[in-house]
Amino acid sequence: MVVNNKVRYALVTGGSRGIGRAIAERLARDGYSVVINYKSNDTAAQEVLQKILQEGGQAELLKFDVTSPTAIQEAYTSWCAAHEGAHFDVLINNAGIRRDGLMVFMEDQDWADVMRTNLDSFFYLTKLVVNPMIRARRGRIVNITSISGVTGLPGQVNYSSAKAALIGATKALSKELAARKITVNAVAPGFIATDMTAELDESELKKTIPMGRFGQPEEVAALVSFLVSDEAAYITGQTINIAGGIG
Ligand code: NAP
């Protein structure tokens, strides 16, 4: 997307698979130059990149581990150096993991990994990306949380905590940035068909979903596309469930 002779860049964390991939592809079709972050799956990331380029869109890869503040800083600095005068107009904090288990049996590492990936990453990355947005007096931040953070789910004390905290952060940051015309919203998916839910018993779980089915990543991407559009300029600090009636 070129506005006033400037390319508009959108950074999608965890853009190599699942919901992040669908968001990256959708934002590319919307006209953004998409920066696809991922951690390790080079093949999947290349696939998304090639698909976008073949469809005539603009995209590039930016590999870094969102759990490492140093890696975030280095990746951000090198991207800025390679794109003089540019900044991210859109940030989608999507990268996430789950490490489920009842809390009494939960390993310290499973608590720490989930908090670092789903929550700390938001803090370290957004802090950097938001600065030029403030100067530009325009920006869109969407945090991918979960229905688990809205209702709480057994076996997910770590994940529900991280996702609930992300909702709190969304509300607080939206109030800090509203006067600068930057919106900050959260999207809370229910069960979406991705690698993350691949080993779940879909036939049992869909009985608990009023719509009777898992959602598709493209359905989440459509909502994100709207939230980052100019038309959504007056929506901020909100958490929008996309969960087939759960929540
Ligand atoms: P997924 O299919 O497992 O994909 C995860 C993505 O995140 C991959 O691109 C992965 O990169 C990336 N990633 C993981 N750890 C990372 C790290 N440390 N640094 C950089 N990238 C990292 O997951 P998904 O189902 O699409 O979930 C996306 C988001 O939606 C997550 O925040 C998740 O919590 C949330 N969500 C999902 C569901 C669902 O039902 N699927 C429901 C509610 C919320 P690699 O390819 O390199 O591994």
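Predicted model: local features only at pLDDT ≥ 70, side-chain atom pairs only at ≥ 80, totals over all residues.
H3 covers residues 69–82, and its axis comes within 9 Å of the H4 axis, the two crossing at roughly 25°. Angles under 35 degrees count as roughly parallel, so H3 and H4 fall into that group. Their crossing is right-handed.

H4 (residues 108–136) also packs against helix H6 (residues 157–177), here at an angle of about 15° and with the axes 8 Å apart. That angle makes H4 roughly parallel to H6 as well. The crossing of H4 and H6 is, again, right-handed. From H4, the contact draws on Asp 110, Trp 111, Val 114, Met 115, Asn 118, Leu 119, Phe 122, Thr 126, Val 130 and Ile 134. H6 answers with Val 157, Asn 158, Tyr 159, Ser 161, Ala 162, Lys 163, Ala 165, Leu 166, Ala 169, Leu 173 and Leu 177. Taken by class, the residues of the H4 and H6 contact split into 15 nonpolar, four polar and two charged.

In total, 34 residues surround the ligand, and Tyr 159 is among the closest, together with Ser 16, Ser 40, Asn 94 and Thr 194. Lys 163 places a polar side-chain atom 2.9 Å from an oxygen atom of the ligand. Backbone atoms take part too: a polar backbone atom of Ser 40 sits 2.6 Å from a ligand oxygen, and for Lys 39 the distance from a polar backbone atom to a ligand oxygen is 2.9 Å.

A further helix pair is made up of H1 (residues 18–29) and H2 (residues 42–54), which pack at an angle of about 20° with their axes 10 Å apart. H1 is therefore roughly parallel to H2, and it passes H2 in a right-handed crossing. On H1 the contact residues are Arg 21, Ala 24, Glu 25 and Ala 28, while H2 supplies Glu 47, Val 48, Lys 51 and Ile 52. By class, the H1 and H2 contact holds four nonpolar and four charged residues, and no polar ones.

How values were computed
Residues numbered from 1 in each chain as written. Heavy atoms only, no water. Axes fitted to C-alpha atoms, helices over the stretch in contact; angles between N-to-C directions. Helix = DSSP H or I, 4+ residues; strand = E, 2+ residues; numbered from the N terminus. Parallel < 35°, antiparallel > 145°, perpendicular 65-115°, else oblique. Left-handed = near helix turned anticlockwise from the far one by under 90°. Contact = heavy atoms within 4.5 Å. Nonpolar A, V, L, I, M, F, W, Y, C, P; charged D, E, K, R; others polar. Near = heavy atom within 4 Å. Polar contact = N/O pair within 3.5 Å; in protein donor to acceptor, adjacent residues only side chain to side chain.
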